[in-house]
Amino acid sequence: MKYVIYGAGTLLALLLFLPATGTTKIRNLPLLIALVLCLLVFAFYRILKYAFLMHKAKKALKQKGFRREKVTFFPFASMLHGHYSITFRHSDKKVKIVFLVTKRKYPHYYFNSVNLLEFYSTNRVIFNNIKAKGATVSDLVETKKVGKQKRMWKATDLTQNDTNILLFNKFPPRISDSTRQQDLRNGDMICGTNIKVYDFDGFLEYVHSL
């Protein structure tokens, strides 16, 4: 479905902005500029949320005596997911954190594996009721995958004794994985590996306990 929407959007853009036959002047230029500015504002807002989350995590670790070893801030990838991570060390303790900002439109985050995160939505099934001249909301629910995102952890991260954390700014309504029957909570391991999942409040509790 999303590819149909992307295709329709591309076709609409071509019809609105391509120069007329025999000219080189872009049509509807003010509208094009406004759309580009809106996209830039949206991109900046997404990037700023990651930057703010990383800043808070770094501040908490520094207060416990940790020192920064490496920072990766690379937002320019598909849908601005990019890659955001920091590595901190204190004495013999090493903490690597990969950051993820929650989206409201994805109520269920499912880890098919540590490197593949899938997004699901659940909606109630609605039937057209001809006799009642309207729609009827049933007790049935429909769950479908609405997106996915790769989170590339290195093989060395999974075998070392270092602490690996996937840090959300806040938990979505549900987080689950392919190895557990229960939903994931703060401090749980993803898919039976040594990668822990936290929201920021849970992360602060973890840092204070170090």
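Modeller: A contact here means that heavy atoms lie within 4.5 Å. In this predicted model, 53% of the contacts between residues at least 6 apart in sequence join residues at least 24 apart.

Colleague: Which elements make up the chain, and in what order do they run from the N terminus on?

Modeller: The chain holds four helices and nine strands. The order is α-α-β-β-β-β-β-β-α-β-β-β-α.

Colleague: Why are helix 2 and helix 4 called roughly parallel?

Modeller: The angle at which helix 2 and helix 4 pack is about 15°. Angles under 35 degrees count as roughly parallel, and the two helices therefore receive that description. Their axes are 10 Å apart, and the crossing of helix 2 past helix 4 is right-handed.

Colleague: Which residues of helix 2 and helix 4 meet, and how many of them are nonpolar, polar or charged?

Modeller: From helix 2, Leu 53, Lys 56, Ala 57, Ala 60 and Leu 61 meet Phe 200, Phe 203, Leu 204 and Val 207 of helix 4. By class, eight residues of this contact are nonpolar, none is polar and one is charged. Lys counts as charged, so Lys 56 is the charged residue in this contact.

Colleague: What makes up the largest nonpolar core?

Modeller: The core has 38 residues, and Ile 97, Phe 99, Phe 111, Leu 167, Ile 190 and Phe 203 touch the most other members. Elements giving two or more residues include helix 2, strand 3, strand 7 and helix 4. Helix 2 gives the most, with six residues.

Colleague: What does Phe 111 touch, not counting residues up to four places away in sequence?

Modeller: Among the residues that Phe 111 touches are Leu 116, Leu 166, Phe 168, Ile 175, Leu 184 and Ile 190.

Technical notes. Residues numbered from 1 in each chain as written. Predicted model: local features only at pLDDT ≥ 70, side-chain atom pairs only at ≥ 80, totals over all residues. Heavy atoms only, no water. Core = buried A, V, L, I, M, F, W, Y, C linked by side-chain atoms within 4.5 Å. Buried < 20%, exposed > 50% of the residue type's maximum accessible area, 1.4 Å probe, protein only. Axes fitted to C-alpha atoms, helices over the stretch in contact; angles between N-to-C directions. Parallel < 35°, antiparallel > 145°, perpendicular 65-115°, else oblique. Left-handed = near helix turned anticlockwise from the far one by under 90°.
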